[in-house]
Amino acid sequence: MGLGERLAEVDARIADAARAAGRDPGALTRIVVTKFHAAPVVDELYRLGVRDVGENRQQELTEKKREVGDREGLRWHFIGQAQTNKARAIRAAASVVHSVDRARLADALDAAGEGMPRLDVLLQVNLTDDPGRGGTAPDAIEELAAHAAGCTTLRVRGVMAVAPLGEPPAPAFERLAACSATVRTVVPDAAWISAGMTADFAEAISAGATHLRIGSAITGPRPVRG
Ligand SMILES: *Cc1c(COP(=O)(O)O)cnc(C)c1O
């Protein structure tokens, strides 16, 4: 199966899951995660109509975006752990940052944005018990939302999470939906929920995800890093 067929198949599965959940498939944003794949994959996806791509490392994002060049309407989503000293480079390349998980990172992105259009950001929630994982603890999400809402060059759009391993995804995504409701008490229109990957996007859709981050089901197995 080629890229186009895999994309069409995933989109059909997304539409099925949306209908099963009583949701409008047209209201979902499917982000194709292109990490580890070279720039020509992005070119091919663009020709297939893809306008949202995701990368999880700043350097790879910056280089790939430069190689791909200007493409009207193409949005680069940064979905990985971000170091504050990379904030400027991330901000220069990304349309959306999904992984704001601490006040210091919000501040660094904010400071890097002087004179720029507001940056869409999502607050990442850690749904595991392991504090070493990315994301803020669910009980700290309200405080982070209030902090990020005060960053004048950022626009808080909602929440993001990765389902924990070794646990069914559905209850974890329900916890994320609760965090989304908490964030909306601070920023009422922050309705985006970024959740769902190759293995669990149907569960994410039934729990209310608005932005799906799907890699290997579309791009095929990731090439081994040399
Ligand atoms: C790699 C990655 C994805 C996509 O994962 P697949 O299982 O290949 O669909 C989604 N979200 C994040 C944060 C990732 O790092």
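Predicted model: local features only at pLDDT ≥ 70, side-chain atom pairs only at ≥ 80, totals over all residues.
**Whole chain**

Show everything as a cartoon. The protein chain has nine helices and eight strands. Its C-alpha trace spans about 45 × 40 × 30 Å along the principal axes. For 226 residues, a compact globule would have a radius of gyration near 17 Å; the chain has 17 Å, so the two agree.

The accessible surface comes to about 10600 Å², and carbon and sulfur atoms hold 50% of it. Buried residues make up 50% of the 226 in the chain. Among contacts with a separation of 6 or more, 58% join residues 24 or more positions apart.

**The nonpolar cores**

Hide the surface and select Val97, Leu109 and Leu123. These three touch the most other members of the largest nonpolar core, which has 64 residues. Next, colour helix H1, residues 3–20. H1 gives this core its largest share, six residues. In soluble globular proteins, nonpolar side chains tend to be buried together.

Centre on Val97. Which residues does Val97 touch, not counting those up to four places away in sequence? They are Phe78, Ile90, Leu109, Leu119, Asp120, Val121 and Leu122. A second, separate core has six residues, including Ile79, Val96, Met160 and Trp192.

**Helix H6**

Select residues 141–149, which form helix H6. Show the side chains of Ile141, Leu144, Ala145 and Ala148, which are buried. Why do these four lie on the same side of H6? They cover an arc of only 100 degrees around the axis, and this puts them on one side. An α-helix has 3.6 residues a turn, so residues three or four places apart point the same way.

**Gln124, in strand E5**

Stay with E5 and pick Gln124, which lies in that strand. Is Gln124 buried or exposed? It is buried, because its relative accessible area is 5%, under the 20% cut-off. Show what lies within contact of Gln124, leaving aside neighbours within four places in sequence. The set is Gln81, His98, Ser99, Val100, Asp101, Gly134, Gly135, Thr136 and Met160. Met160 is also a member of the second core.

**Glu55, in strand E2**

Move to strand E2, residues 52–55, and select Glu55. Its relative accessibility is 0%, so Glu55 counts as buried. What does the side chain of Glu55 meet? One partner is the side chain of Thr34, at 2.6 Å. Another is the side chain of Lys64, at 2.7 Å.

**Pro171, in helix H7**

Last, go to helix H7, residues 169–186, and select Pro171. With a relative accessible area of 39%, Pro171 is partly exposed, because that value falls between 20% and 50%. Pro171 and Thr219 are 28 Å apart in space and 48 residues apart in sequence.

Notes. Residues numbered from 1 in each chain as written. Heavy atoms only, no water. Helix = DSSP H or I, 4+ residues; strand = E, 2+ residues; numbered from the N terminus. Buried < 20%, exposed > 50% of the residue type's maximum accessible area, 1.4 Å probe, protein only. Polar contact = N/O pair within 3.5 Å; in protein donor to acceptor, adjacent residues only side chain to side chain. Core = buried A, V, L, I, M, F, W, Y, C linked by side-chain atoms within 4.5 Å. Contact = heavy atoms within 4.5 Å. Rg over C-alpha atoms; globule rule 2.2 N^0.38 Å. Areas by Shrake-Rupley, 256 points an atom, 1.4 Å probe, with all protein chains shown as cover. Arc of directions from axis to C-beta.
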